[in-house]
Structure formats: C-alpha cells, structure tokens
Amino acid sequence: MKILIVDDQAFVRETIKSEFIQIAPEVSFDFHEADCGNKAIEMLEHNSLSDLPTIELVIADLKMENGDGLAIINHMATTRSREIPIAIVSSSDKRTLELIGNITNSFSLNLVGVFQKPLDISDIYASIAAKKAFPQEPDISEEITPICNEANITSLLNEENLFLCYQPKINIKTGELVGFEVLSRLCIQGDGFIYPDKFIPLIEKAGLNCQFTKLVLNQALSQWHLFEKLKSYSLSINISANDLLSDDFINYVIDKHLTNSDIKLMLELTESQQTINQDRSLQAIAKLIINDIPISLDDFGKSYSTFDRLDSIPFDEIKIDKDFVSDLDVNLQHQAIVESTIALARKLNVKVVAEGVETLSVLKRLQMLGCHIAQGYFISPPIEGRYLMAWINEYNLQHECQYVSC
Ligand code: C2E
Ligand code: CA
Ligand code: CA
C-alpha cells in the first residue's frame with residue numbers, strides 16, 4: 001500500500017510509519033515522505049503524470065511552512081489526485097478540525113477523516129479499511145442536469161436510467177453486517193448522475209411515485225437474486241408516503257414479497273405527518289405488517305408527533321435522522337434526543353438504526369447508548385451494485401479485527 005506522509009516533524013512521520021506496520025503487519029507498505037506541502041504537491045504531481053503505482057493514501061498535517069495542509073487539499077481538488085483518499089491530522093481544536101472536514105468535503109475529495117493529534121493510527125486504519133479500494137459512489141454531479149425537469153421526467157423513468165446504490169447497516173454491538181438500504185440515482189447518458197433530492201420531488205409531482213418505487217423494487221430484487229449470499233442481508237427500500245395511498249401498489253408489494261420469500265424485504269417510510277395519519281395510509285401500513293413486511297420509520301425525530309406514532313403502529317425499526325446523529329459526540333442536545341429515543345424504542349421493543357454515522361467517536365457513543373444498528377459514511381458510503389459482493393467479502397474479512405481495535 002503506497003502512502004504519502006506529509007508532516008514537518010520527522011519523528012511524527014516515523015511514528016506513523018511504525019504504527020502502520022504494527023497495526024497491519026500483513027500489509028506491504030510503501031511509505032513516501034514530505035516535510036512540507038509544496039514538496040508533497042510536487043510528489044503528487046509527479047506520481048499522477050508517471051506510470052508509478054498510484055498513491056493509495058495521503059496523510060497530511062495541517063500546519064506547515066512552505067505549503068500547508070490546505071494547499072494540498074486545494075491542489076488535490078483540482079487535479080487527478082482528487083480521488084486519492086486523504087487523512088488530515090492536526091493539533092487544532094475540534095471545531096477547526098470540523099471546519100477543515102467541511103471544506104474538504106465541499107471539494108468532493110475522498111476524505112478518510114480529520115484526526116486530532118496525538119494520532120491514533122488505528123482510527124485512520126479503521127476508516128481506510130472500510131473505504132479502501134472501492135470507488136463506492138459514482139461521481140455524481142451536484143448540478144441538476146437540464147434534461148431532468150418536470151416536462152420530461154416521465155420519459156426518463158425507465159430501467160436503463162435507474163441506478164441503484166446499496167448502503168450497509170451493521171449491528172453496533174458485534175460489527176456484523178445486517179442489511180442494506182437501497183438508494184436511487186438517475187443516470188442519464190451524457191448527463192451524469194442525479195441525486196434523489198433532485199428527482200424525487202419531480203416524480204411525486206408528476207404522480208409517478210408508485211411506478212418509480214416498483215422499478216426500484218424490481219431492480220433491487222434482481223440484484224439480490226444474483227448472489228445467494230445477499231439473501232442473508234435485509235434489503236430496505238424507501239417508499240414515499242404517497243405510495244401508501246395506492247391499493248394497487250400495496251398489493252403489488254405484497255405479491256412481490258410472497259414470490260421472493262427468500263429475500264428479507266423491508267420498507268423505509270419517511271415520516272410525513274399529514275399522510276401517515278390518514279386512515280388509508282394507516283390501513284396500508286397495517287396490511288403490509290399483517291403480510292409480514294417489516295416497516296422502518298425513517299427520519300425519526302424530524303416531525304412533531306413521532307412519539308405518538310410509535311405507540312400506535314408496530315414499526316419494526318426506527319431510523320434516527322442523520323441530523324441528530326452525525327454530531328452526537330459534540331452536540332449535547334442531539335445526544336439527549338438520541339439517548340431518549342433509544343430508551344423509548346427499547347421499551348417498545350423496536351430496533352433503532354442510527355443513520356449518518358460518520359466517525360468512530362459517534363459509533364462508540366451510540367454503542368454506549370445501546371443503539372442497535374448503524375449506517376453511515378464511517379461504515380461505508382452507498383456502494384454501486386457491481387462492487388457490492390467485493391465490499392461484503394472485504395468487510396466480513398476485516399470487521400472482526402477492526403472491532404477489536406475499537
Ligand atoms: P434517507 O432515506 O434518509 O437516506 C439517507 C441519505 O443520507 C442518503 O442520501 C445517503 O446517501 C445519505 N447518507 C448516508 N450516510 C451518510 C452519512 O454518514 N452522512 C451524511 N451526511 N449523509 C449520509 P441520498 O442517497 O441522497 O438520498 C436522499 C433521500 O432520498 C433519502 O434519504 C430518501 O428519503 C430518498 N430516496 C433515496 N432513494 C429513494 C428511492 O428509491 N425511493 C424514494 N421514495 N426515496 C428515495
Ligand atoms: Ca431511508
Ligand atoms: Ca434520513
């Protein structure tokens with residue numbers, strides 16, 4: 001594994017090298033060093049223009065003379081080096097580290113994490129081990145493509161354009177992989193990828209939500225039939241609250257569930273106060289539950305009467321919204337909300353999933369609070385279907401030793 005270590009202190013570079021070797025003696029490391037940002041930029045440039053093996057990780061200190069960590073980030077964001085995983089290390093306070101993390105993410109760099117000194121290399125190693133080698137999310141352009149608009153959303157909705165990614169959920173206590181959430185993207189030839197935040201509102205507005213969910217369901221089920229091993233993991237599909245208003249759709253899902261009884265299908269329902277409280281949608285939820293289709297209450301905590309709903313509908317799991325989870329370790333209010341949600345869910349015998357787990361520190365805190373399942377970038381970003389089996393095999397190989405190092 002080729003690693004570029006950038007730090008102005010030689011002893012820090014030495015420590016990093018020897019800790020990597022200690023943590024992963026089975027890995028053959030090829031360390032390269034730079035004592036300032038400018039030298040690192042030169043090395044990155046030279047490497048990307050030559051036939052040398054690619055650098056697989058950059059570890060960069062933030063504060064250095066002759067080109068600091070930000071200069072490296074800027075360079076990487078505008079060159080071919082942008083896909084190289086980068087770990088930032090610094091002795092700055094947590095808020096500064098967060099800011100640097102946000103800047104790096106806004107450049108869409110492959111950020112392993114921002115780590116505080118003194119450095120615990122096992123944190124970095126755990127992060128790269130989970131991410132390593134798989135370009136999991138396609139390079140999705142932020143811009144809404146002109147082609148995806150209200151006028152032609154109908155013609156864009158077909159199997160060819162639908163592109164599914166799968167994000168893993170793990171059992172927090174054991175580290176075991178328990179299932180995947182299906183996250184949709186539209187891939188328009190020549191126009192790149194489009195995120196659901198952009199196209200779902202268009203689909204809903206055009207009344208195409210049931211047609212779309214059926215497409216997603218069928219494509220995800222086909223993926224799950226490709227490999228026997230996938231059937232041991234649950235498959236969660238997002239449904240829109242409007243889907244519940246169609247009897248035809250509910251019957252369709254029940255029928256699919258029956259004919260694919262070897263697949264652990266689950267539906268994630270985003271809370272929408274008005275819709276879920278309607279008699280028709282309550283009946284639809286009941287019908288799905290009676291037919292053994294578990295339902296997860298998504299984005300829990302975002303709207304008011306969530307707690308009432310937990311009382312009246314036997315959801316199988318609730319997903320605490322990522323807004324409360326991602327900064328749980330530094331935001332006491334969010335920690336209180338998550339803590340009471342977990343306590344309530346435990347009393348009601350409902351599983352709790354925390355989504356938006358981005359750091360080891362948050363994962364550890366959730367573990368302490370007794371949360372059951374975690375999902376988020378720390379474990380993995382959504383993974384393209386074609387990389388899924390490779391990711392699972394790698395994860396299953398590594399999770400035990402990673403967990404020991406937690
Ligand atoms: P969601 O169901 O709450 O899904 C989680 C979103 O958070 C996903 O965004 C996921 O990529 C992102 N995410 C995952 N881990 C992390 C993390 O650690 N940190 C942060 N900041 N974000 C994380 P995505 O894929 O853009 O989906 C956005 C929303 O679109 C979803 O939110 C879901 O409500 C909806 N959606 C996605 N696919 C479908 C679909 O097939 N059907 C329907 N009806 N809705 C969908
Ligand atoms: Ca969801
Ligand atoms: Ca959510």
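Modeller: A residue is called buried when its relative accessible area is under 20%, exposed when that area is over 50%, and partly exposed in between. The model is a predicted one, and the count of salt bridges in it comes to 14. One of them joins the side chains of E33 and K17, with 2.4 Å from N to O. Because E33 lies in strand β2 (residues 30-34) and K17 in helix α1 (residues 10-23), this pair ties together parts that are 16 residues apart in sequence. E33 has a relative accessibility of 26% and therefore counts as partly exposed, whereas K17, with a relative accessible area of 16%, is buried.

Another salt bridge is formed by the side chains of E268 and K169, at 3.4 Å from N to O. Here E268 belongs to strand β10 (residues 265-270) and K169 to strand β6 (residues 162-171), so the pair ties together parts that are 99 residues apart in sequence. Both E268 and K169 are buried.

E268 also meets K319 through their side chains, in a salt bridge of 2.8 Å from N to O. This pair links distant parts of the chain, with E268 in strand β10 and K319 in strand β12 (residues 317-320), 51 residues apart. Both E268 and K319 are buried. These residues belong to a network of salt bridges that links K169, E181, E268, E317 and K319. In general, side chains of opposite charge can pair when their charged atoms come close.

Note on methods: Residues are numbered from 1 along each chain as its sequence is written. Chains are lettered from A and ligands numbered from 1 in the order in which they are written. This is a predicted model: local features need pLDDT of at least 70, side-chain atom pairs count only at pLDDT 80 or more; totals for chains, interfaces and linings use all residues. Side-chain values use heavy atoms; hydrogens and water are left out. A salt bridge is a side-chain nitrogen of Lys or Arg within 4 Å of a carboxyl oxygen of Asp or Glu. Helices (H or I, at least four residues) and strands (E, at least two) are DSSP runs, numbered from the N terminus. Buried means under 20% relative accessible area, exposed over 50%, partly exposed in between (1.4 Å probe, protein chains only).
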